Amino acid sequence: MRKLELHWQILIGMLLGIVFGFVMTQVDWGKNFVSDWIQPFGTIFVKLLKLIAIPLIIASLVKGISDLKDISKFRNIGLRTIGIYILTTVVAITIGLILVNILQPGNGIGEDTVAKLTETYASDSGVTSKLAEATKQKDSGPLQFLEDMVPDNALKAMSENGLMLQVIFFTIFLGISMLLIGETKAKPLKDFFDSLNDVVLKMVDLIMLSAPYAVFALLASVVVSSSDPDLLLALLKYAGVVVGGLLLMVVFYTIVVSTFTKKNPFWFLKEISPAQLLAFSTSSSAATLPVTMERVEEHIGVDKEVSSFVLPVGATINMDGTSLYQGVAAVFISQALGFDLTFADQLTIVLTALLASIGSAAVPGAGMVMLVIVLESIGFPADKLAIGLALIFAVDRPLDMCRTVVNVTGDATVSMVVAKSVGKLGKPNVKEWDDHLDEVR
């Protein structure tokens, strides 16, 4: 009997989790039951993925750089990666702004709805914490993001997933230094990282065995903790504009894949779908990174020399879905609260959202922090920022799940394009968790 493919297993787990979550909302003890007995399994799964993210980045990136044997090749990969990421982000923001200006979802929000949303969410800890974090980022200098990229303690950087850019900087520095000392002297260290890379990828395979059960737990907990259904319905038009823009962005990716790599776009979506489904369940590009790397390398055929740089960098600075959402959200809030935007303001949104995406953490809710920065850049009244965030807070979690899917899809797309441009897009080489089981029996 043929084993059901992983993406179908995960999808079934997600659907069952949603149904189970709705059932649990109908009973008095349901929410506590899911919180106490179901959610922990999803939390453990996410922790396991985050646990191996840093070791995978270090091992994979060192192996990729040391295999190059030519620093100029790494420079070519780096410049193409950053350039394409900037281009796709601008495309995403532009799509979002075009849709929100045509459909104008904010004009359909009545004063009663604004008042109810403000009363419910304006003083919520989630909103106030985002405002505080945005203020902290805004007060930093123009080159703060460059300063933040350089760690003063490599071990400290490796202890925190939010410091991924620092880990990447240190690892690139280490990999280039290994090239410069010569192949003979670097061989012992290279062998260590080659072995570590294989071990961590095997850990990904083992963790993924529990993925269908984990996404069941994650989706069930999301459903039982969802907001007031009436408020969600009031924001349906806004959410529809965001989701529509995100779908258009996926269409854009498939066109890019088909045009530049000559691969079947439906095959690409099928192979990357387990990573997309996990991105939807976890709302975190960083947590999904190990799975994204495994799918791109083994199932799509992108060489490790490319994927080991493009994907970790993408998980940190490439926020296409989040940037699109910011463009829509900023204009929607302005429409709903009667704040007129000029064409220059909308150009400012494009530029600010692009710059904010570079320094944003690849964690759930980071988009809200970026949104505050975007709103402040267009002169949005400071005393209405909390009200603005309250307007969209009710649907932020489900939209965060959707935009993370686009972020991950964008990372995979760019890795394919860069790999094709440098002749590093080969044939898939799928490895299963039990490939070497006979050797240990």
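Visitor: How do I read a helix packing, and at what angle do helix 16 and helix 19 pack?

Guide: Axes are lines fitted to C-alpha atoms, for helices over the stretch in contact, with angles running from 0 to 180 degrees between N-to-C directions. Here helix 16 (residues 320–336) and helix 19 (residues 385–393) pack at about 115 degrees, their axes 10 Å apart. That makes helix 16 roughly perpendicular to helix 19 (65 to 115 degrees; under 35 is roughly parallel, over 145 roughly antiparallel, the rest oblique). Helices here are DSSP runs of H or I, at least four residues, numbered from the N terminus. Mind you, this is a predicted model: local features need pLDDT of at least 70, side-chain atom pairs count only at pLDDT 80 or more, and totals for chains, interfaces and linings use all residues. Residues are numbered from 1 along each chain as its sequence is written, and side-chain values use heavy atoms, leaving out hydrogens and water.

Visitor: Which hand does the crossing of helix 16 and helix 19 have, and which residues make the contact?

Guide: A crossing is right-handed if the near helix is turned clockwise from the far one by less than a right angle, left-handed if anticlockwise. This one is right-handed. On helix 16, the contact uses Tyr325, Ala329, Phe332, Ile333 and Ala336; helix 19 brings Gly388, Leu389, Leu391 and Ile392 (contact means heavy atoms within 4.5 Å). By class, that contact of helix 16 with helix 19 has eight nonpolar, one polar and no charged residues. Nonpolar covers Ala, Val, Leu, Ile, Met, Phe, Trp, Tyr, Cys and Pro; charged covers Asp, Glu, Lys and Arg; the others, Gly among them, are polar.

Visitor: And helix 12 with helix 16: how do their axes cross?

Guide: Helix 12 (residues 236–261) and helix 16 have axes that come within 10 Å and cross at roughly 145 degrees, in a right-handed crossing. Tyr238, Val241, Val242, Gly245, Leu246, Met249 and Tyr253 of helix 12 meet a set in helix 16 that includes Asp320, Leu324, Val328 and Phe332. The contact of helix 12 with helix 16 divides into eleven nonpolar, two polar and one charged.

Visitor: How far does helix 3 reach?

Guide: Expected span is 1.5 Å times one less than the number of residues. Helix 3 (residues 71–103) has 33 residues and reaches 49 Å from first C-alpha to last, close to the expected 48 Å. Just after helix 3, Gln104 takes a positive phi of about 45 degrees.

Visitor: What does Thr118 touch?

Guide: Thr118 sits in helix 4 (residues 111–121) and touches Ile387 and Ala390, not counting residues up to four places away in sequence.

Terms used
Helix = DSSP H or I, 4+ residues; strand = E, 2+ residues; numbered from the N terminus.
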